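Let's take a friendly walk through a protein chain together. Have a look at the sequence and the picture, then read on.

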Amino acid sequence: MASLIFKTSHLRCIVRTGKCLNLHRTSNAFDFERSYANEGDSRVPKIYTKTGDKGFSSTFTGERRPKEDHVFEALGTTDELSSAIGLAREFCIDKGHSFTYQLDKIQCILQDVGSNIATPRSSARESHIKKTTFTPQPVADLETWIDKFTEELPPLSNFILPSGGKSSAALHIARTVCRRAERSVAPIVRSGEADPDVAKFLNRLSDYLFTLARYAAMKEGNEEKIYKRPE
C-alpha cells in the first residue's frame, strides 16, 4: 500500500515503487488535528487524537464543524473513492496492465482535492488559499488519457453493464463512487467555497474510469455484458 507524508507547505505521495512525487504543493486536508512528530523526533505518533469524540472536526482554516457537515461528507466520499481506486489498481497490477501509474497519480491528486474542499473560502486566509489551490492541469491530463484509450477501443453502441473481469468491474465500482463524490462536492463549489476545477476533475475522472474499465476488459480479452431488455 502507498504511504503518504503530509506537511503544511506541500504534499508528497510516496508510491509503492518507493519514489517520491511532488504534486501541486498542497497540504493534507483529511485530518488537521493529528499531530505528527517533527523531523528528527523519534517518538511514534498516535493514530488517535480524541479531539473528534464529541462529533466535531476541524477544517484546514481552523473552523470546528459537526462531522455531518457537507465538507466532511465530501471529504469522506473522496477518501472512499481513493480506496476504491486503490482496490481496482491491485486487480490491474495482477493482470500486468501498464496504466497503473495513472491510478497512483490520481490517488495523490485526490488528496489535493480533499485539501481544497477542506479549505472553505469564507474562512480562508490568503496563505490557506495559496497552499490548497487546485489547478486545471489534472483535468487536461485525464482528457489526454481518455482520448488515448478511446482510440484503441471499439465504438460504443450499446449500454454496458459493469462486467468484463475483476479489473474492469472494480474500475466500474470506482466510477460510481466518483459520481457520488462529484454530487457531494457540487454544492460546495456552487457556493464558492471550493475551486470549480475540483468539480471538473471529478466529472472527468468518472469518464476516465468508465473508459479505463472498457480498456481493461479489452486488454484482458474479457467480454463486457450488454444490456438486454427482459422478455
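Start with Lys50, which you can find in the loop that runs between strand 3 (20-22) and strand 4 (56-58). Is this residue buried or exposed? Lys50 counts as exposed because its relative accessibility is 59%, and the cut-off for that word is over 50%. Its backbone deserves a look too: Lys50 has a positive phi of about 70°, although it is not a glycine. Most residues other than glycine have a negative phi.

Keep in mind that this is a predicted model. The mean pLDDT of the chain is 84, and 82% of its residues reach 70 or more. Over residues 1-38, however, the pLDDT is below 50, and this stretch has 97 contacts in the model beyond near neighbours in sequence.

Now turn to a pair of helices. The axes of helix 1 (residues 70-94) and helix 5 (residues 166-190) come within 8 Å and cross at roughly 165°. Angles over 145 degrees count as roughly antiparallel, so helix 1 is roughly antiparallel to helix 5. The crossing of the two is left-handed. Which residues meet here? From helix 1 they include Ala74, Leu81 and Phe91, and from helix 5 they include Ala170, Val177 and Ile188.

Finally, follow helix 6 (residues 196-220). With 25 residues at 1.5 Å a residue, helix 6 should span 36 Å, and its end C-alpha atoms are 36 Å apart, so the two values agree.

Definitions and conventions:
Residues numbered from 1 in each chain as written. Predicted model: local features only at pLDDT ≥ 70, side-chain atom pairs only at ≥ 80, totals over all residues. Heavy atoms only, no water. Helix = DSSP H or I, 4+ residues; strand = E, 2+ residues; numbered from the N terminus. Buried < 20%, exposed > 50% of the residue type's maximum accessible area, 1.4 Å probe, protein only. Expected span 1.5 Å × (residues − 1). pLDDT = per-residue confidence, 0-100. Contact = heavy atoms within 4.5 Å. Axes fitted to C-alpha atoms, helices over the stretch in contact; angles between N-to-C directions. Parallel < 35°, antiparallel > 145°, perpendicular 65-115°, else oblique. Left-handed = near helix turned anticlockwise from the far one by under 90°.
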